Amino acid sequence: MKTIIVALGMLIGCSFTAFAQQPNSTGKITLTITDNAGKPLPFTTVMLKKVKDSALVKGEMTIENGSCAFEKIANGHYFIQASQMGYTTSYSTAFQVDAAHKTIALGNMQLPPLGKNLQAVNVTAQKPFIESSAGKTVMNIENSVSAAGNTALDLLRRAPGVQVDNNENVTLKGQSVTVMIDGKLTYLSGEQLTNLLKTTPGESIASIEILTSPSAKYDASGNGGIINIKTKKGKLTGINGNINATLTQAKYGRYGISGNVNWRTQKFNLFGNFDQGDYPRMVTRDYKRSVKEGDGSTTFMQQGVFQRNRFKNNYLKVGLDYFVNDKHTIGVLANGFKNAFSNQIYSNTNLGRPAMPPDSTVNSLTVNDNKFDNIAVNLNYKGVLDTAGGREISFDADYAQFNNHRFMQLNDSLYDAHTKINRNPNSIRTTGGTQVIIKSLKTDLSWPLGKESKLEAGAKVSFVTTTNALQFDSLYHGVYLPSPSLSDRFNYQEDVYAAYATYRQQIAKTNLQLGLRVENTASTGHSFTTDNYVKRNYTDFFPNVTVEQKLNDKNKLSLAMSRRIERPQYGQLNPFMFYLDKYTYFRGNPYLRPQYSNIAELAYTLKDKYIATLRYSRIKDMMEEFITQDDSTKASISTERNYDKTDIYSLLLTLPVQVTKWWSSDNNVDLSYNKYRFEDPKTNEPFSRYNFNYYINSTNTITLPHDMKLEVMGYYNSPFVFGIFRGYSQYNLNLGIQKMFLNKNATVKLSYNNILRNESYRGAAEFANLNMSIFNTWQFRTVNLSFSYKFGNASIKAARERKTGTSDEQNRAG
C-alpha cells in the first residue's frame with residue numbers, strides 16, 4: 001500500500017511541476033479551404049503535422065466560410081493536410097514557425113473533386129454494423145434503422161457472443177462481463193443493471209464495444225471482458241445537440257424522450273444529456289417440475305406466471321471541461337438517475353399426479369415497488385507534459401452513492417379441486433433498502449520512450465461500503481408481525497489497491513504490447529442476525545500480452561492473451577431471501593469466491609475487412625446460478641455458487657459483403673464449444689456438461705433514393721448450455737426504414753421488431769432431483785416510430801470521454 005501511495009504522490013507531483021514549467025506557445029496559422037471554383041468548403045478536416053515524421057500536432061475543422069486557424073503553436077517545421085468526403089486530399093508546402101515567423105497566413109488551399117455523384121441513388125459510405133478484431137468487437141448502432149424503439153438490452157441480444165439468460169442477465173459466451181457507459185460503469189449489477197439497460201433508449205447509443213482482452217489499464221474485473229456502450233455526442237466552437245422522441249406499441253404503449261447539448265468555446269466545454277421514459281412491458285414465465293414425495297409417488301407442478309413490469313427512468317448528466325491552456329484541462333462531471341421499477345406478478349401453480357387433472361392450485365399475487373437512485377461526482381485533471389503532446393498525465397477523484405428502496409408483498413391461497421374451497425390464505429411483506437458508497441482516487445501516466453515505444457503506468461485505490469437491511473413481516477390474525485428468522489442486516493466493506501504498467505513497442509511491421517496489473521483486495525462481510533463474518537485478503541497479478549504482425553498490405557495476424565478476475569456482486573453476497581412466489585425464490589451466498597479466467601485470442605485479418613478469430617478461455621471457480629429443489633416444501637431455491645472449471649473454445653468469422661453499390665451486408669458467424677465441470681454440493685460427485693453452439697447474424701442495409709434507407713436484420717442462435725441450464729434455439733427478424741429531411745438534420749424511423757416472435761428463453765435446468773423446464777417470454781412484436789432532430793454546429797468536438805475512478809466498482813452495486 002505504501003508503494004502505491006508513493007506512486008500516486010510522485011505522479012501527481014509530476015503533473016503540477018510540469019504545469020508550472022510549460023513554455024509559451026504563441027505561433028498562429030490561418031488558411032481557407034475552397035473547391036476548384038473558389039467556393040468555401042465548411043467542415044473540412046484540417047490537420048497540422050510535423051515535417052520530420054508526419055506526426056499529428058493538432059486537428060481542426062473549417063467553419064461555414066471555409067476558414068480555419070491554429071493558435072498557440074510551438075516553434076517547429078510543419079505542413080497542412082486537408083480532406084473532405086468527395087474531394088481529393090491536399091497538402092500544403094512546408095513552413096516554419098519560429099521567433100521571426102509567429103504568424104503564418106497560408107491563404108487558400110483548393111481540394112479538387114474526387115468524382116461524379118450517382119444520379120439515381122446517392123450512396124453514402126458508413127461503417128459496417130459489426131466490426132471485429134483480436135480482443136475487440138464493435139456494433140455500430142448510430143446509423144442502424146432497427147435501433148429505433150429498442151433498448152440497450154434489446155440491442156445487446158443481437159451482439160455476437162452475448163447471451164441474455166432466463167433472468168435477463170447479460171453474459172458473454174456464458175461468462176460475466178463488466179458493463180460501462182461512455183467508459184464509466186453503471187453503478188449497478190444484477191436486477192438493477194438489467195432495469196437500467198431496459199430503460200436506455202437505442203436512439204441515444206452510437207456504438208457498443210465488446211472488449212474481450214482489455215489492456216492492463218482497465219480494472220481486471222469481468223471474466224468475459226468489458227461491454228462499453230458509447231452514447232451519441234456532438235463533434236469546433238459553438239453549440240450543438242439533438243433531441244429524440246420514440247413511441248412504441250406492443251402489448252402496452254410506451255414512450256421515451258432523450259437529448260443532449262454541447263457548448264464549446266476556446267476556454268471551456270459545457271455538456272449534458274438526459275433520458276426520460278415510461279416503459280411498461282409484459283413478461284410471461286412457465287415452469288414445470290416433478291417432485292418426489294416421501295411415499296415414493298411423484299407430484300407434478302406446472303407454474304404459470306404473468307408479470308407486468310413498469311420502468312420509469314429519469315437520467316441526467318452534466319459536465320464542464322475548462323481548458324487552462326492547450327496542454328492542461330480540468331473538469332467536473334456529475335450524473336445521476338432517479339428511477340422506479342414496479343410490477344404485479346400473478347402466479348398459478350397446479351399440483352397433482354403426472355398426466356392427471358390437478359388436485360389443487362396455489363394462486364398468488366406478488367407486488368414489487370422499487371425506487372432506486374444514485375449520484376456520482378468526478379473531479380479530473382489532464383495534462384500534456386511536453387510540446388510534442390505525447391507525455392500525458394491524468395488524475396481522477398470520485399464519489400458515488402447508490403440507494404435502493406424495496407417493498408414487496410406476497411399474497412397466496414390454496415384452491416382445493418375436490419372441495420372447491422380456497423384455504424390457507426397467506427401473506428408476507430418485506431421492506432428494506434440498500435446503500436452503496438464508493439470512493440476512489442486514480443492516476444494514469446503516458447510516457448513515450450521514443451518514436452516507436454511508449455510506457456503507460458498508473459495506480460488506483462477504491463473503498464466500497466454497502467449496507468443492507470431487510471424486514472420480513474407475516475400476516476397473523478389480520479395483523480402483520482415481524483419474522484426475525486427471515487429478517488437480517490448485512491454489511492460489506494471492500495478495499496482495493498491497484499497499480500499497473502503497460503509497454504508498447506513498434507518493431508518494423510510488428511506491434512507489441514506487454515502489460516501487468518497488480519491488485520490487492522481486502523473485504524469483510526457481516527451478517528448481524530447470525531453474527532457471522534466472512535473476511536478475505538488476497539493479492540493477484542494480471543498479465544496482458546498483445547502482438548500484431550502485418551504480413552503484407554492485405555494480411556495481418558494478431559495474438560492477445562490476458563488473465564482476469566470477477567469479484568462477486570455486492571447483492572450476490574447478501575444472504576437475504578427474495579421471493580417470486582412461495583415456491584420460487586433467490587438467496588445470496590456470502591461464501592461466494594471470485595472467479596479467474598485465462599484468455600487467448602488469435603485473429604487473422606484479410607484486406608482489413610474479413611476477420612477470423614480463434615478464442616480459448618479457462619475459467620476457475622466460475623460463479624453461476626445454481627438451483628436446488630427442496631422436495632419437502634416443493635420450493636426451488638436459486639443462488640450463486642462456484643463451478644470448478646469451465647473451458648470455452650470459439651471461432652468468430654466477420655464477413656462483410658458489398659452486394660451492389662447500394663446494398664451492403666454485414667455477416668457474422670460465431671462457433672463455440674463449452675464444457676462445465678463441478679461437484680455435487682451434497683455428494684461431492686463430479687459432474688460435467690458440454691455443448692457445441694453456433695450463432696449467425698446478418699444485417700443488410702439498402703440505400704434508397706431521396707435520403708431513405710432500408711435495413712433488414714436477422715439472427716439465429718443454436719441450442720446452448722451454461723452450467724446446469726440448457727437453452728433451445730433462438731432466432732428473429734427485424735425490419736426498419738428511415739427518411740432524412742431538413743438538410744439531413746431531421747430523421748424519422750419506422751421499425752417492426754421480433755417479427756418471428758422468438759425473442760425468448762426456452763430451456764431447462766437439470767441436476768440431481770431438479771428437472772425444471774423453463775419458458776420465459778419478455779419481448780413481443782413491437783412497432784416503433786421515432787423522430788430525431790440535430791441542431792447547431794454539427795462539427796463541434798465531443799466532450800472528453802474519460803473512465804472515472806469508480807467505474808469498475810459501480811458495476812457491482814445494487
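Me: Which residue is the bridge partner of R285 in β44?

Reply: The bridge partner of R285 in β44 is N776. This is a predicted model, in which local features need pLDDT of at least 70 and side-chain atom pairs count only at pLDDT 80 or more, while totals for chains, interfaces and linings use all residues. Residues are numbered from 1 along each chain as its sequence is written, and side-chain values use heavy atoms, with hydrogens and water left out. In general, the strands of a sheet pair through backbone hydrogen bonds, either parallel or antiparallel. Here a strand is a DSSP run of E of at least two residues and a helix a run of H or I of at least four, both numbered from the N terminus, and two strands pair if DSSP finds at least two bridges between them. β19 and strand β44 (residues 770-777) run antiparallel and are joined by 5 bridges.

Me: Which other strand pairs with β44, and over how many bridges?

Reply: Strand β43 (residues 760-767) pairs with β44 in the antiparallel sense over 8 bridges, and within this pairing A765 has M772 in β44 as its bridge partner. The two strands form a hairpin with 2 residues between them, and A768, in the turn, has a positive phi of about 50°.

Me: How many helices and strands does the secondary structure of the chain come to?

Reply: The chain has 5 helices and 45 strands. Of its 814 residues, 52% are buried, where buried means under 20% relative accessible area, exposed over 50%, and partly exposed in between (1.4 Å probe, protein chains only). The chain exposes about 35,300 Å², with carbon and sulfur atoms supplying 58% of that area; accessible areas come from the Shrake-Rupley method with a 1.4 Å probe, and for residues only the protein chains shown count as cover.

Me: In what order do the 3 strands of the open sheet stand?

Reply: The order is β4-β1-β8, and the pairing is mixed. β4 (67-73) and β8 (103-110) stand at the edges with a single partner strand each, so one side of each has no neighbour in the sheet. From one strand to the next the twist averages 15°, with axes taken as lines fitted to C-alpha atoms (for helices over the stretch in contact) and angles running from 0 to 180 degrees between N-to-C directions. Strand β1 (residues 27-34) and β8 run parallel and are joined by 6 bridges, and T34 stands opposite Q110 in β8.

Me: How many bridges join β20 to β21?

Reply: There are 23 bridges between β20 and β21, which run antiparallel, and the two form a hairpin with 2 residues between them. Y315 has F337 in β21 as its bridge partner. β21 is also joined to β22, again antiparallel, by 24 bridges, and there A334 stands opposite V377 in β22.

Me: How many aromatic pairs does the structure hold?

Reply: It holds 25 aromatic pairs. Rings of Phe, Tyr and Trp (its six-membered ring) pair if their centres lie within 6.5 Å, and planes under 30 degrees apart count as stacked, over 60 as edge-to-face and the rest as tilted. The ring centres of F306 and Y346 are 6.4 Å apart and their planes lie at 40°, so this pair is tilted. F306 belongs to strand β20 (residues 298-325) and Y346 to strand β21 (residues 328-352), and the pair links parts of the chain 40 residues apart. F306 is partly exposed at 31% relative accessibility, and Y346 is partly exposed at 43%. F463 and Y497 have ring centres 6.0 Å apart and planes at 80°, so that pair is edge-to-face. Because F463 lies in strand β25 (residues 453-476) and Y497 in strand β27 (residues 488-507), the pair ties together parts 34 residues apart in sequence. F463 is partly exposed, at 31%, whereas Y497 is buried, at 12%.

Me: Which residues form one aromatic cluster?

Reply: F626, Y643, F678, F687 and F767 form one aromatic cluster.

Me: Which strand gives the most to the nonpolar patch?

Reply: β22 gives the most, with 3 residues, and β17 (238-249), β18 (253-264) and β22 (360-384) each supply at least two. The patch includes I239, W263, L270, V377 and F791, and its residues together have about 860 Å² of accessible area. L270 lies in strand β19 (residues 268-292) and, at 38% relative accessibility, is partly exposed. Patches are made of residues with over 30% relative accessible area and no salt bridge, joining like charges within 9 Å and nonpolar side chains (Val, Leu, Ile, Met, Phe, Trp, Tyr) within 5 Å; a salt bridge is a side-chain nitrogen of Lys or Arg within 4 Å of a carboxyl oxygen of Asp or Glu.
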